[in-house]
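The stops below go from the core to the aromatic rings.

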Amino acid sequence: IRDFQIDKNAKSVIYVTNEGKKLLLDSAWQQSMQNLWLLGDAAIISAGTMHVSEFTLRKMLESSENAYSDWRRQVLTYSGGEYHIECVFYQPAGGAVTRSFRIIGDEKIKTDLFMLTVYDGVYAKNRAYFDEIVNRYE
């Protein structure tokens, strides 16, 4: 079981992606690559661009070979030119449950993509912390 404690002394850091989007994190996050941030082994964020279609959105909601989507806990909304997707996945091999947040622009050729994936138990104990990260992505 993974655990995470919010570091009250962590300093705020603003990252700007290649696409010009702003991501407000704290110094507990480590930037692993230009578009990838890790919070120990508790959470991961990636931001970039991709081609989006109805098929892409559908695939993000589906189960995969090793992770099963909990359809009852999925949320898909559209607001301000962006799709917001929240999914919970169960991985039976390790017994892990993860929660994934995705923000996807609706441009048809190439669009922004933000993804935060966190273990569900960590999210449950620190909901406001992770929700603030998702809500402040601009």
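Which residues of the largest nonpolar core touch the most other members? Select Leu23, Trp29, Ile45, Phe114, Leu116, Phe130 and Ile133, out of 23 residues in that core. A nonpolar core here is a set of buried Ala, Val, Leu, Ile, Met, Phe, Trp, Tyr and Cys residues joined through side-chain atoms within 4.5 Å; buried means under 20% relative accessible area (1.4 Å probe, protein chains only).

This is a predicted model, in which local features need pLDDT of at least 70 and side-chain atom pairs count only at pLDDT 80 or more, while totals for chains, interfaces and linings use all residues. Residues are numbered from 1 along each chain as its sequence is written, and side-chain values use heavy atoms, without hydrogens and water.

Next, colour by secondary structure (DSSP runs, numbered from the N terminus: helices are H or I of at least four residues, strands E of at least two). Among the elements that each supply at least two residues of this core are β5 (43-50), β10 (111-119) and α3 (127-136). Helix α3 gives the most, with 4 residues. Apart from this core lies another, of 10 residues, including Met60 and Cys87.

Now turn to the rings, which pair if the centres of Phe, Tyr or Trp (its six-membered ring) lie within 6.5 Å; planes under 30 degrees apart count as stacked, over 60 as edge-to-face and the rest as tilted. The whole structure has 8 aromatic pairs. Select Phe4 and Tyr129: their ring centres are 5.4 Å apart and their planes at 40 degrees, so the pair is tilted. Phe4 lies before β1 (12-16) and Tyr129 in α3, so the pair ties together parts 125 residues apart in sequence. Phe4 is buried, at 10% relative accessibility, and Tyr129 is buried at 11%.

Conventions: Buried means under 20% relative accessible area, exposed over 50%, partly exposed in between (1.4 Å probe, protein chains only).
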